[in-house]
Amino acid sequence: MTFFLKFHLKANRRGGNLPIIYGSLPELGGGNPAKGIALKPIGSVYNFIAEIRVKQPNTSDDGWYSYCYRPPFGTIVHETVPKRYLPKFSSNLEIYDSSEAATAICELVVRFRVKCHTNFGEELFIVGDCKELGNWQPQGAQQLFYEEETDSWIGDVCFPLQSSARTIQYKYFISGDVNDVRWEPEENHIIHLDSTSSPAYVEVSDTFRWVDPIMSVFTRSAFTDVLTKRKYPVAPPRISPNSVLPNQVSINFTVMCPHVRRNQQLAIVGDCAELGEWEPENALFLADADFPIWNGAVTLSRNSLPFEYKYVIFDRDSGEYIWESAGNRKCYGITSSTVDFCYPATVIVSDWYVSPNRDMFKGMAVQCPIFSLRTNESCGIGQYSDVRSLVDMCRQIGASMIQILPINDTTEKGDIDDSSPYKAISCFALHPIYINMLEILPNLPSDIYNDILSRRCEFEQKREVDYQQVYRFKIDALRRIYSKVETDLEHDKEFKDFCQENEEWLKPYSLFCLLRDEYKTADFRKWPEHSLVTTDEIDCLFETYRDEALFTYWVQYICDRQFKASREYATASGIVLKCELTYGVPANSAECWANRKLFNLDTCIGAPPDAVHTEGINYHVPSYNWTAMRADNFSWWRLRLKRFSDLFHAAQLDHILGFFRTWQIPVDSSFRSILGHYSPCNPLTRQELESRGLWDIDRYVKPYIRFHTLQQKFQDEAANIAKEYFEPLNINPDDDFYEFKERCNTELKMNELLSSTIWEKGKRDHYRACLLQLLSNVILIPDESNAENQDRSQDKFHFRSDVTVEHVEPTPTGPRVFPSQSWLELDTKQRQAILEMYQEYNYKRQVGIWVSEAIPKLEMLQGSTNLLLFAQETCPIAEELDHEIESKSILSLRVPRFPKDTKQSYDPTSDFQYMAQVSPSLPDTSTIRGWWEENKNTTLAYWRDELEEEEQVPEFCFSNVLIKILKKNLESDSMWCTFLLQDIVDVFDRLRKQYPDEERIFHPDKKAGWVYRYPWTLEELVNDSEWTNFVHDLVKDTKRD
């Protein structure tokens, strides 16, 4: 093997003698200057050159070389500098030297120079993914040193020469001592370098990165892959330090600039000729293939350094240039005094979160469930393929995002109860009911094809989804089609790839479905076999059921293929697809069956009572075992998020507060949420209560029931009710105290007992409500750990959700609050002590625990995928929790009808921050028209104060009123404004239903299920130019993208 060594020498010595190079290599004379090689003069800054061919690589640390002169007579004239170090090499080598100094560049030398504010006594360090940077271990980090002249921290690091390209990843951290390490936030710094087989000098002009929640939003998939996706991406220039010529400096820009619209381009303009001399028309336009990172390169002479510059955005539509508003930036160039002025060098300028655009993005979204869609191709229910028609409609009206409800498989029995999108039996599998049967095969057998057309005609005549009939028909048709393709699947590469990529969830899901059908229940705890399984047992079980499971694999493959086709169509059309990511997982699911250790099946997740849900909410889903999830770095959540990001660009995180704390309800005693409590939490101790004068613990934890209480609720029946359900304590013969009998002293026992009691319907409902109210008529709730305590002094307690309120009843004029008798009949001193402790317990005591609990979970949510994340929480949120959510670039949800300030009847849109999504209606609330008629006092206040109208408030939400409300929400500062589809269709009277309640997607007080369908097809809306133009102009006039 032959290597070529090329030596460049800059020598000012005059005369007829040529410089000689000699050194330790045999080809350099073996250390004898008399056998050295003369350099040739050339017309360059480095004015002498020698090219030497060698046969062996240099692997020694002792290699050296030097220059001398051999005059015609007299002694050899040696350099006055020390011998020069000969780098190790295993490929061709090129070295630049000066006769006036020994070269300091024998390897790849990288100077890191970074601006960073530190406090007195703190130091800055750099650590990275290679040995030279400590392999990510702080103990091996390189310390940087402060340079006052440039207000920067500087450190030089030598890297070995390398004949192949390399990538260096690193971060900075600040430390005051070994126990105080503050890491730089955001992702790692990355440098990509071409081969550096010869010595080279690189200076990195860096930025200590900071967190910018708003800019971070623009780096998420919804923007980079859809809204701001580059139309014709340009590849970035390569950084090749060995390609730079003498007296030149290669300046390479790497800048994070995510807020650049599709019709815009980022450029750099500066005070040197190469950067346009402040003329933007001559600026350096940057490459965008790595968007939101922009890259560019320009070669300058050393005399052009330092220089000043700015970033500008060129808008191709308007022809305008948008300059960043801050002062000029400065590139110092080469700051090392040990580098020869003419030495070929490379500078990497890395800038962070540049944003010349001052008009922030504001978009409109349309929310609708897939099951509600109706198109010319629908078959009794909306289908995956119908999303494409929805995309077409959004493009015409100026909407840039579609939000749908969960589309996971919910099949327990295949009946109307399965219509709820929140009862998924898998967080990964899609629902087969949304498959377009006509798109499965290009040529369906005629009998199947005709059956589909016939049933489609029948189903489409119905106003709502006939869930059970549609589901059964589609499953039957899928089995018929599967029988035609089954034998071909082993040769179908796409199918096999899908199965391999998704096997981790497909295997347990398919087995769960088979066993559910075999045992006729999705409650795996009732299965006679296989109710408890390990991962190994699932693998063995799968081999037994492999052939049967293949049908489920194939159905999921079809679901995946059809939905992703719509996703690709939306992406290409510039429309974001967003779906609700449910927090909880139903107990009767493949996840709880196959990953039982990750769930606490003895507790349910719920929500405490509020003005809307007077008894709270029991979601009937188990709580998570976060300890087990943290132990394997949230691998189940990461898998779930990966699957979600394969399908969508954005996620609405249902019940975001669940990542901080959950309201937990004991499964063995309760079905309402009133007697639940938050977890994690810091419960009250007996000592704390007693120290505040609250000694009568039994009085606070047991239902407070006296005869006069029973009379208030049951009137003349009080004595009979007391005899049937209560035990007298014989304390006061005139107004005795009572406790519930053992057979009905929990909610579950009471509910079971009442279900077999024969009463008139109205009386039964009233008595049931009153008895349950009495069961929860307590002040304190014992902690679960008390059962294990031998010493009662160690007992712990939680406050009831609201100690002052027994229950709330909705009325046409607003909620009516009934005070707690247990609370009212305490003396003033006890009430005051309890109220003070209650306020501190609920609003101060728990916040620190909740934030520390949530931080690793939120970081996992943000870091696992590039989804744009939205929080869904309509209740008031503590300031500390809200701050933590926003700091992770998660957009909040603002629903005006659910005020964050409970003293208000609605939230004014003027209060909404930019990092938010405003939604005047939700799928489980009334529409805007319905809300207008629900509470006359709220309607009047909204009409007068929010809409600033002086005329008499309209009784109904006519089109002109609806338009005012839509416009008010569109004009808010929120990044996104999301409307139910029917809310924007209703602007035209001819498109709306007569009664608002007919347009409600789901009503929690009715048993109809989630079966609402739109009365018009999407094709009709797309072709209704009067309506599409009106909505488009409304969006455009309110300055939404």
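**A strand and its surroundings**

Reply: Ile605 stands opposite Gln664 in β33. Before we go on, a word on what you are looking at: this is a predicted model, in which local features need pLDDT of at least 70 and side-chain atom pairs count only at pLDDT 80 or more, while totals for chains, interfaces and linings use all residues. Residues are numbered from 1 along each chain as its sequence is written, and side-chain values use heavy atoms, with hydrogens and water left out.

Now back to our strand. Strand β33 covers residues 662-666 and runs antiparallel to β30 (residues 599-607), with 4 bridges joining the two. Strands (E, at least two residues) and helices (H or I, at least four) are DSSP runs, numbered from the N terminus, and two strands pair if DSSP finds at least two bridges between them. β33 also pairs with β34 (residues 677-679), again in the antiparallel sense, over 3 bridges. Here Gln664 stands opposite His677. Why is β33 described as largely enclosed by the rest of the structure? Because 4 of its 5 residues are buried; buried means under 20% relative accessible area, exposed over 50%, and partly exposed in between (1.4 Å probe, protein chains only).

Let us move to another sheet. Three strands form an open sheet in the order β35-β40-β39, with antiparallel pairing. Its edge strands, each pairing on one side only, are β35 (684-685) and β39 (780-782). β39 and β40 (residues 796-799) are joined by 3 bridges, and Ile781 has His798 in β40 as its bridge partner. Helix α19 (residues 828-845) packs on this sheet and touches β35 and β40, its direction making about 90° with that of β40. Contact here means heavy atoms within 4.5 Å; axes are lines fitted to C-alpha atoms, for helices over the stretch in contact, and angles run from 0 to 180 degrees between N-to-C directions.

Charged side chains come next. The structure holds 51 salt bridges, each being a side-chain nitrogen of Lys or Arg within 4 Å of a carboxyl oxygen of Asp or Glu. In one of them, Glu460 meets Arg374 at 3.3 Å, N to O. Glu460 lies in the loop between α4 (446-459) and α5 (467-485), and Arg374 in the loop between β27 (363-367) and α3 (386-397), so the pair ties together parts that are 86 residues apart in sequence. Both Glu460 and Arg374 are buried. Lys564 is partly exposed, with a relative accessible area of 25%, whereas Asp560 is buried at 6%.

A nonpolar core is a set of buried Ala, Val, Leu, Ile, Met, Phe, Trp, Tyr and Cys residues joined through side-chain atoms within 4.5 Å. The largest one has 164 residues, and those with the most contacts inside it are Met393, Trp554, Trp593, Trp637 and Trp1027. Its largest share, 14 residues, comes from α8. Leaving aside neighbours within four places in sequence, Trp593 is in contact with residues including Pro508, Phe512, Trp527 and Leu541. A second, separate core of 36 residues includes Val339, Tyr343, Ala345 and Val354.
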